[in-house]
Amino acid sequence: MPMTFDAIVVGAGFAGLYALYRLRARGYTVCVLEAEAGIGGTWYRNRYPGARCDIESLQYSYSFSDEVQQAWTWTERYASQPEILRYIRYVADRFDLHRDIRLNARVTAATFDENRCRWAIETEAGPCYDAAFCIMATGCLSIPIVPEIPGLAAFAGDLYRTADWPHDGVDFSGRRVGIVGTGSSGIQTIPIVARAADRLTVFQRTANYVIPAHNRPLAPAEQAEWKRNYEARRAAARRTRNNALMEHNSRPGAGMTPAEREEIFEARWRLGGLTFSYGFPDQATDRRVNEAAADFVRRKIAGTVRDPETARKLMPRDHPVGSKRLCVDTGYFETFNRPNVRLVDLRDEPLLAVEPEGVRTERALYPLDALILATGFDAMTGALRRIDPKGRGGRSLSEKWNVRPSTLLGLAVAGFPNLFIVTGPGSPSVLSNMVTSAEQNVDWIADCLDYLRANGFAAIEARQEAEDAWFGEVAAASARTLLPEGDSWYVGANVPGKPRVYMPYLGGVPAYLDACGKAAADDYCAFALTPADAAAGEARAASEAV
Ligand code: NAP
């Protein structure tokens with residue numbers, strides 16, 4: 001017999017834990033199913049050396065409980081993975097969440113029963129679950145990609161993935177290490193591994209724009225000052241494009257002289273981190289401003305990396321700034337000044353294969369004792385496509401998204417009643433502070449469930465025409481920018497066969513919050529609602545027919 005709940009939440013990361021907290025507090029029975037052996041989601045899995053958040057810790061944290069945000073003390077401007085995981089566990093303990101979480105419970109199937117208006121959810125471990133609502137808190141970057149490099153399986157050394165690092169860490173001392181991938185994960189791993197390894201070879205396919213984090217300890221006085229105005233700061237953050245306070249500048253760069261722009265770039269570089277994206281409101285839309293930003297970063301690389309040929313290879317030239325996720329580092333470019341680090345540019349010498357002894361490019365064999373893959377994720381749709389929920393008429397979500405990854409507000413999909421996604425494609429999610437954006441999505445879902453309960457509805461389902469209209473808005477917002485130009489995971493370019501669609505909503509958090517608020521205030525008229533009586537009648541008819 002399946003275990004029965006009002007709601008099943010899939011995933012015990014920031015989003016899933018908050019969904020449990022919120023829905024339980026509203027009186028729903030909830031069970032969280034988590035594939036891994038521990039809670040924390042992305043912060044449980046991404047344990048690689050140097051893993052650190054690139055949104056400031058005082059902001060990348062739950063806002064729902066003032067007690068928690070006052071009680072918890074962050075040690076650094078940008079929190080490390082172990083500290084974030086400690087924080088997540090602290091919150092789970094504080095709100096007694098563990099009793100409703102099943103670990104090692106990878107969801108393998110989710111099927112909507114139209115007659116009963118309920119979801120049947122199966123797990124790898126065996127038990128089945130039955131719930132009125134299925135809430136997918138499966139994360140945007142949770143399915144790592146292992147590239148199809150010939151010979152990879154035959155590598156005689158040790159193979160590691162940043163997204164699935166050994167719990168006990170790895171000692172690279174005295175070893176020849178290679179790493180493939182220079183996105184956010186790679187650029188954080190490289191400086192740390194370089195310090196330990198005998199030799200580190202970095203295999204780079206695309207050079208990235210990398211901005212210094214300027215991470216530092218958080219002074220008690222600074223933190224206390226922030227906490228005095230926490231609520232006001234959270235509210236102000238929600239009014240920004242990305243749900244985070246980071247010195248947004250409203251003066252366009254297009255009308256400025258190069259010298260004026262340079263001054264602002266320099267100030268941003270000194271501030272560090274993602275603030276560099278917000279130097280100018282037209283940096284993502286005006287090609288000249290964007291190119292000026294790109295040129296600024298290239299000159300910084302030239303000024304940091306001593307070998308001119310290595311510096312040249314590290315300079316991104318083939319995509320606008322921000323079209324691939326900006327990387328935030330600590331000592332990345334400096335690492336290439338170490339005598340034990342070398343850069344292999346796979347544009348100059350394409351990677352042919354992995355052989356038992358190492359990596360073979362068109363030019364040479366690089367002998368290795370260990371190889372690290374920091375090769376990214378099947379982003380935004382990967383986790384859901386893997387579960388592949390079956391909705392009305394047995395329709396598969398994966399098949400639907402093979403055409404295009406459309407949703408209504410990133411929250412719901414036509415044909416999939418009572419299925420909610422937290423920070424799905426079509427929401428600002430990955431372009432914003434994920435924690436507070438997830439909270440907002442969960443609050444919206446909780447309010448929706450309350451509405452259904454109060455008004456006697458058994459099911460809610462996005463209307464196809466509303467979903468199409470929102471997909472159009474998401475596409476229009478990205479078309480106004482240069483950002484779809486990069487071959488990034490934002491557009492699915494890193495997964496063979498994935499439709500090329502800029503998945504996150506680029507219209508900014510305030511516009512998104514308005515759209516979500518309006519959808520609820522309009523009595524969910526963008527959704528089809530099934531009265532509980534009708535659902536009960538259908539269920540009776542179905543059981544009589546049997
Ligand atoms: P990513 O940005 O997609 O980077 C993957 C890297 O692997 C790219 O350099 C890619 O090259 C390379 N690659 C993939 N397949 C390859 C192949 N067959 N041969 C050679 N190179 C290959 O993935 P990620 O670094 O894991 O980051 C993903 C996202 O996670 C980030 O953008 C960020 O949103 C998030 N993240 C955040 C943090 C943080 O908060 N600090 C840290 C880590 C990750 P191409 O560019 O040529 O495809």
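The model is a predicted one, in which local features need pLDDT of at least 70 and side-chain atom pairs count only at pLDDT 80 or more, whereas totals for chains, interfaces and linings use all residues. Residues are numbered from 1 along each chain as its sequence is written, and side-chain values use heavy atoms, with hydrogens and water left out.

Strand 16 (residues 370-373) pairs with strand 8 in the parallel sense over 4 bridges, where pairing requires that DSSP finds at least two bridges between two strands. This pair belongs to an open sheet of 5 strands with parallel pairing, arranged in the order 7-16-8-9-12. The edges of the sheet are formed by strand 7 (158-161) and strand 12, each of which pairs on one side only. From one strand to the next the twist averages 20°, axes being lines fitted to C-alpha atoms, for helices over the stretch in contact, and angles running from 0 to 180 degrees between N-to-C directions.

Strand 9 (residues 199-204) pairs in the parallel sense with strand 8 (residues 176-180) over 5 bridges, and F203 of strand 9 is the bridge partner of V180. Strand 9 also pairs with strand 12 (residues 341-345), again in the parallel sense and over 5 bridges, with V341 of strand 12 as the bridge partner of L200.

Together with helix 5 (residues 184-196), strands 8 and 9 make a right-handed β-α-β unit; the term applies if, with the strands pointing away from the viewer, the path from the first strand over the helix to the second runs clockwise. Helix 5 has a kink of about 30° at I190, shortly before the proline P191, the bend being the angle between axes fitted to the seven residues ending at a residue and the seven starting there. Buried residues of helix 5 include G186, I187, I190, P191 and V193.

Elsewhere, the axes of helix 1 (residues 14-25) and helix 14 (residues 434-455) come within 9 Å and cross at roughly 35°. In helix 1, the residues F14, A15, Y18, A19, R22 and L23 meet V435, A438, E439, V442, D443, A446 and L449 of helix 14, contact meaning heavy atoms within 4.5 Å.

Key: Helices (H or I, at least four residues) and strands (E, at least two) are DSSP runs, numbered from the N terminus. Buried means under 20% relative accessible area, exposed over 50%, partly exposed in between (1.4 Å probe, protein chains only).
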